Amino acid sequence: AGISLGADGLLRLDTRHPAYDSMKAGDTKAIVASYTLSDGKGGSVAQTATFNLTGTNDAPQVNTAKALLGATATAGSSVRYSVDANAFTDVEGDTLSYSATLADGSDLPNWLSFDKDNRSFSGTAPPSNTASQLSIKVTASDGSTSPALSTSQTFTLAISPTGAPVAVVDQASVTESGIDASGNAAAGSASATGNVLTNDIHADSATVSVTAAGVGTATATATA
């Protein structure tokens with residue numbers, strides 16, 4: 001396969017022929033071509049030529065029939081997305097290993113993890129009242145040592161606004177009662193009050209309410 005005879009009398013072997021794609025790095029194969037020499041006067045002789053072909057490693061390929069499709073999620077909710085086992089192929093039958101980054105090569109955000117064994121993404125998108133998207137790159141490597149070759153494809157994770165409220169940190173100031181500089185009793189200021197819902201948001205314009213309250217860490221600053 002892949003052998004041709006040119007007008008110049010040269011036999012050529014096309015090493016890119018699909019018949020040789022499955023040869024791994026270091027594999028060898030003898031390709032025998034038969035031909036006949038003729039003198040144009042009725043005389044001829046049969047002969048053979050042998051090509052000794054050595055295989056090289058081929059990179060994995062994207063399986064267009066199983067190419068990665070865009071994914072969707074909602075801010076504040078769980079994210080689940082799996083890469084099809086046949087999204088990449090390797091003509092040499094090498095076992096592929098997988099990794100994932102953002103499209104620019106930087107790490108995935110802390111809230112999103114990738115299980116390389118199961119080829120799956122999981123996490124919980126942070127609450128947000130605006131839409132956003134991530135361009136994610138999945139890379140398949142053949143793990144060969146001659147050297148390893150890889151192929152990547154990207155998909156977009158579109159995150160719609162949250163269905164949960166986004167709480168903004170609130171603060172208020174109050175003065176403790178005590179003794180003033182003259183040694184007299186000094187009343188503190190009134191209790192600190194405020195509506196903690198005023199600056200909180202909800203993408204669906206739903207009514208937001210407080211369902212639980214607790215005591216956090218109080219910080220006091222004294223000035224001499």
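Tyr81 is buried, and Phe121 is buried too; buried means under 20% relative accessible area, with exposed over 50% and partly exposed in between (1.4 Å probe, protein chains only). This is a predicted model, where local features need pLDDT of at least 70, side-chain atom pairs count only at pLDDT 80 or more, and totals for chains, interfaces and linings use all residues. Residues are numbered from 1 along each chain as its sequence is written, and side-chain values use heavy atoms, leaving out hydrogens and water.

**Aromatic rings**

- A pair of aromatic rings is described by the distance of the centres and the angle of the planes.
- Rings of Phe, Tyr and Trp (its six-membered ring) pair if their centres lie within 6.5 Å; planes under 30 degrees apart count as stacked, over 60 as edge-to-face and the rest as tilted.
- The whole structure holds 5 aromatic pairs.
- One of them joins Tyr81 and Phe121, a tilted pair at 6.2 Å centre to centre with 45 degrees between the planes.
- This pair links distant parts of the chain: Tyr81 sits in strand β7 (residues 78–82) and Phe121 in strand β11 (residues 120–124), 40 residues apart.
- Phe114 and Phe121 have ring centres 4.6 Å apart and planes at 45 degrees, so this pair is tilted.
- Phe114 is buried, as is Phe121.
- One aromatic cluster is formed by Tyr81, Phe114, Phe121 and Phe155.

**The sheet**

- Strands (E, at least two residues) and helices (H or I, at least four) are DSSP runs, numbered from the N terminus.
- Two strands pair if DSSP finds at least two bridges between them.
- Strands of a sheet pair through backbone hydrogen bonds, either parallel or antiparallel.
- An open sheet of 4 strands runs in the order β6-β13-β12-β9, and its pairing is mixed.
- Its edge strands, β6 (71–74) and β9 (97–102), each pair on one side only.
- Strand β12 (residues 132–141) and strand β13 (residues 150–160) pair in the antiparallel sense over 10 bridges.
- Ala140 stands opposite Thr151 in β13.

**Gln153**

- Gln153 lies in strand β13.
- Is Gln153 buried or exposed? Gln153 counts as buried because its relative accessibility is 9%.
- The Gln153 side chain reaches the backbone nitrogen of Leu68 at 3.0 Å.
- Contact means heavy atoms within 4.5 Å.
- Gln153 touches several residues, including Val62, Ala67, Leu68 and Phe88, not counting residues up to four places away in sequence.
- Its contacts also include Ile136, Lys137 and Val138.

Conventions
Polar contact = N/O pair within 3.5 Å; in protein donor to acceptor, adjacent residues only side chain to side chain.
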